[in-house]
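Dear colleague,

Here is the structure I promised to pass on. Please open it alongside this note. My findings follow below.

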Amino acid sequence: MTDAATDHAELVSGLIGDRADAWDLAGELPRDLLVKLGASGVLCAQVGPEHGGTGLDSHANGELTARVGARCSSLRSVMTSQGMAAWTVRRLGGTEQWDTFLPRLTSGDLAAVGFSEPGAGSDLSAMETEIADDGAEVVVTGRKVWITAAHYADLLLVFGKYRGGATAVVVPARTPGVRITRVENPLGCRAAGHANITLDAVRVPAGHVLGGTGLPLSLATTAALTYGRMSVAWGCVGILRACLDAAATHTATREQSGRALAEHQLVARHLAELYVAERHATRACEHASASWDTGSPDMAVDAVHAKYVASREAAQGAARAVQLLASAGASDGHVVARAYRDAKLMEVIEGTSEICQLVLARHMRKKVRP
């Protein structure tokens with residue numbers, strides 16, 4: 001990790017301490033914590049210094065994300081949301097919009113990104129949210145569901161149909177016509193602020209439309225989703241590292257039949273497979289980050305691959321950790337129990353495992369097409 005990434009990681013570790021389980025049980029992260037991390041640049045660390053960020057590359061930011069994910073997946077989810085918002089502004093917006101919105105995201109304002117709708121989850125082409133021109137303003141109408149960090153957000157980046165294509169518009173969360181409702185009792189990342197958003201003829205300045213024009217839907221959404229998938233993938237590496245540490249410690253210190261658990265062959269097999277899972281996920285993420293940092297044309301598909309591999313390994317690895325710890329890790333308030341719930345959610349968000357498989361299969365068909 002770079003010096004800046006190490007400083008960020010130490011800041012996060014100090015602020016989280018041993019409070020992650022309590023936040024998970026309460027379903028809430030302290031807002032002052034989020035604002036402090038946002039103002040420090042941790043939540044969107046790839047933003048450049050010219051806009052108040054630290055300009056980490058993808059690999060350094062990934063390792064930072066894994067460190068956060070190992071401690072608290074809910075906080076890592078907010079970090080993913082903030083970074084995805086910043087990256088969307090950077091990719092789709094113009095210079096004036098960079099100067100307007102990026103400094104807000106590195107000075108304490110919190111953001112959420114709205115893709116999914118009641119009838120458009122995996123199939124974003126079915127998106128119904130409309131962004132309509134009306135003089136110097138645009139009018140935004142639609143519904144978004146299961147939006148990470150929306151409960152905490154000051155700014156909402158809402159994707160919708162616009163001028164025959166699609167784009168994202170920046171909507172201040174307290175604008176008249178915006179209604180944000182918490183998702184009750186989510187399976188995982190309980191403190192990540194998942195919420196549903198209703199936009200009832202919400203009016204914002206036309207300058208809030210990123211890029212000011214409609215784009216092909218795939219182009220408009222891929223930029224944000226690629227960042228989100230990278231962040232989720234690295235977060236899953238963190239989940240695996242937390243599970244491996246907990247499982248290794250437990251099996252080394254707990255005895256059964258006069259021997260440490262780790263000395264029993266079947267237990268050793270689970271430990272070995274958990275180690276392999278962490279290595280497998282890490283290597284996939286490192287490869288995807290290298291593609292990102294070198295500007296590889298395969299960056300988007302490598303991010304899908306990393307997200308698919310890491311989320312699958314995290315879900316299976318967390319299940320192994322629960323098996324190894326048994327009752328010791330089967331109660332709310334334990335890092336392994338939390339990881340088990342959080343990891344399963346990672347196979348759903350930012351493109352389900354099935355969507356990832358379709359993308360990867362489509363990529364291979366293109367490579368062998370005559």
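A residue counts as exposed when its relative accessible area is over 50%, as buried when that area is under 20%, and as partly exposed in between. Please keep in mind that the model is predicted.

Start with Arg163. At 54% relative accessibility, Arg163 is over the 50% cut-off and therefore counts as exposed. It lies in the loop that links strand 4 (155-162) to strand 5 (165-172).

Is Cys189 buried or exposed? Its relative accessibility is 0%, so Cys189 counts as buried.

**Thr129**

Thr129 belongs to the loop between strand 1 (111-114) and strand 2 (130-134). With 0% relative accessibility, Thr129 counts as buried. Which side chain does the Thr129 side chain meet in a polar contact? The partner is the side chain of Glu117, at 2.6 Å. Leaving out residues up to four places away in sequence, Thr129 touches Glu117, Val140, Thr141, Gly142, Arg143, Lys144, Val158, Phe159, Gly160 and Lys161.

**Helix 7 and helix 9**

Two packed helices are described by the angle between their axes and the distance between the axes. Here the pair is helix 7 (residues 217-253) and helix 9 (residues 299-325). Their axes come within 8 Å and cross at roughly 25°. Angles under 35 degrees count as roughly parallel, so helix 7 and helix 9 are roughly parallel to each other. The crossing of helix 7 and helix 9 is left-handed. By class, their contact has 20 nonpolar, six polar and three charged residues.

**Lys344**

Lys344 is part of helix 10 (residues 335-346). Its relative accessibility is 43%, so Lys344 counts as partly exposed. The side chain of Lys344 is joined to that of Glu347 by a polar contact of 2.8 Å. Where does Leu187 stand relative to Lys344? The two are 157 residues apart along the chain, and their C-alpha atoms are separated by 8.4 Å.

Over to you.

Best regards

Definitions and conventions: Residues are numbered from 1 along each chain as its sequence is written. This is a predicted model: local features need pLDDT of at least 70, side-chain atom pairs count only at pLDDT 80 or more; totals for chains, interfaces and linings use all residues. Side-chain values use heavy atoms; hydrogens and water are left out. Helices (H or I, at least four residues) and strands (E, at least two) are DSSP runs, numbered from the N terminus. Buried means under 20% relative accessible area, exposed over 50%, partly exposed in between (1.4 Å probe, protein chains only). Axes are lines fitted to C-alpha atoms, for helices over the stretch in contact, and angles run from 0 to 180 degrees between N-to-C directions. Angles under 35 degrees count as roughly parallel, over 145 as roughly antiparallel, 65 to 115 as roughly perpendicular and the rest as oblique. A crossing is left-handed if the near helix is turned anticlockwise from the far one by less than a right angle, and right-handed if clockwise. Ala, Val, Leu, Ile, Met, Phe, Trp, Tyr, Cys and Pro count as nonpolar, Asp, Glu, Lys and Arg as charged, and the others, Gly among them, as polar. A polar contact is a pair of N or O atoms within 3.5 Å; within protein, one must be able to donate a hydrogen and the other to accept it, and residues adjacent in sequence count only if both atoms are side-chain atoms. Contact means heavy atoms within 4.5 Å.
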